[in-house]
Amino acid sequence: MDCDRPPVTVVDGYVPLIDLSSRDSARGRAAIADAIGGACEDSGFFIIVNHRVPTNLVDRMYTATNGFFMLPDDKKNLVANRPGVSGFRRMGGTTARSIGRESPPDLCEAFSAHTTGELGDEERRRLGDQWATWTLANIWPEEPADFKPVWQEYMAVIGELSADLMRLFALALGLAEDFFEDKFDHHGSSVTVNYYPPQLEPPLPGQLRRGPHTDFGGLTVLYQEDERGGLQVLQGGTRWRDVPAIPGTFVVNIGDLMAMWTGGRWVSTMHRVVNPARGDTSSRLTIPFFYMPNHDAPIEPMRPFRETRAIDRYDTVTAGQWMSRKIQKLFATDA
């Protein structure tokens, strides 16, 4: 490939499409990093193509996961989330609560597994308090038969992609490529698949498939079903913009911790998943991989700050402390 080829094509002027095919050369990586830095300062979202994740793996991940959600309720309930265990949730929480907003529960089911979920009980107990989901053991359904190996393969491959994106992030910030590596060398990342069932009854007022929220961690790598949109990003605090579902791509966005690391120079942007048009009874499946720092990684704002008072807005916190606070709000029940 010609290394002089521009790595960015603007899609709808706000969420850029970034071509990763030149990332093996220093010149290509510098150009990609520059494009990523611009996107992270503007919307905090971009779409990647030529990411080298095998299409066959994505297809198998989708097929196995969709097959699980098509099972009858009694079989899905065998792997239900419960104390000490991460698995199936009939209700995926109320994401708006994570930013202090009240709304009805999101219209989705979810299944979660963590990169730390196969560790022994004692190792997981050292990773934080009860609200830290990466301390939970994974539980796997027996059906579909390939569910567990496909999920584990997918988490490993997307984890490698995420690690390289963090190296590109470092370049974009004028840092050494390995700046973030010791902050993710025992990361507690997760896949939390969202299944949005057909809406056969009208939603409650203000009820969405996923309410408005920001992501909590370092970065998110999201697979969306081809041609089935619904993801929207808030621009300028007033305008919701559609994020296109482009075949063969992933949507990447930064989370709160990345914004905090940059002292607000990069933005963790509000987003949501809207309901389908009235009369549309299709389901939808999305597969986000949440790349999380080590639970004890200190999140200390780096200079230069976007604004003079940024240090007051972003006090030092560990990744585990921040995540636990957010997760507690997400799944809190009414008093």
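Predicted model: local features only at pLDDT ≥ 70, side-chain atom pairs only at ≥ 80, totals over all residues.
Arg52 sits in the loop between strand 3 and helix 2. Check its backbone: phi is positive, about 75°, although Arg52 is not a glycine. Is Arg52 buried, exposed or partly exposed? Its relative accessible area is 45%, so Arg52 counts as partly exposed.

Now pick Asn50. Asn50 belongs to the loop between strand 3 and helix 2 (55–69). Here too is a positive phi in a residue other than glycine, near 55°. Asn50 is partly exposed, at 38% relative accessibility.

Step back into strand 3, which covers residues 45–49, and select Ile48. Ile48 has a relative accessible area of 0%, and buried means under 20%, so Ile48 is buried. What is Ile48 in contact with, leaving aside neighbours within four places in sequence? Show Ile18, Leu20, Leu161, Gly248, Thr249, Phe250 and Val252. Ser21 and Ile48 are 27 residues apart in sequence, and their C-alpha atoms are 9.7 Å apart in space.

Next, go to Pro144. Pro144 is in the loop between strand 7 (137–138) and helix 5. Look at the peptide bond that joins Glu143 and Pro144: it is cis, with omega about -10°.

Move on to helix 5, residues 147–172. How does the span of helix 5 agree with 1.5 Å a residue? Its 26 residues should span 38 Å, and the end C-alpha atoms are 37 Å apart, so the two agree. Just after helix 5, click Gly174, where phi is positive at about 75°.

Show the side of helix 1 first: Arg29, Ile32, Ala33, Ile36, Gly37 and Cys40. From helix 5 they meet Asp164, Leu165, Arg167, Leu168, Phe169, Leu171 and Ala172. Colour this contact by class and you get nine nonpolar, one polar and three charged residues.

For the last stop, select residues 183–293. An unreviewed UniProt entry annotates this stretch as "domain: Fe2OG dioxygenase". How much of residues 183–293 is helix, and how much is strand? The chain there is 5% helix and 38% strand.

Notes: Residues numbered from 1 in each chain as written. Heavy atoms only, no water. Helix = DSSP H or I, 4+ residues; strand = E, 2+ residues; numbered from the N terminus. Buried < 20%, exposed > 50% of the residue type's maximum accessible area, 1.4 Å probe, protein only. Contact = heavy atoms within 4.5 Å. Expected span 1.5 Å × (residues − 1). UniProt positions renumbered as here; feature names shortened; annotations may be inferred. Nonpolar A, V, L, I, M, F, W, Y, C, P; charged D, E, K, R; others polar.
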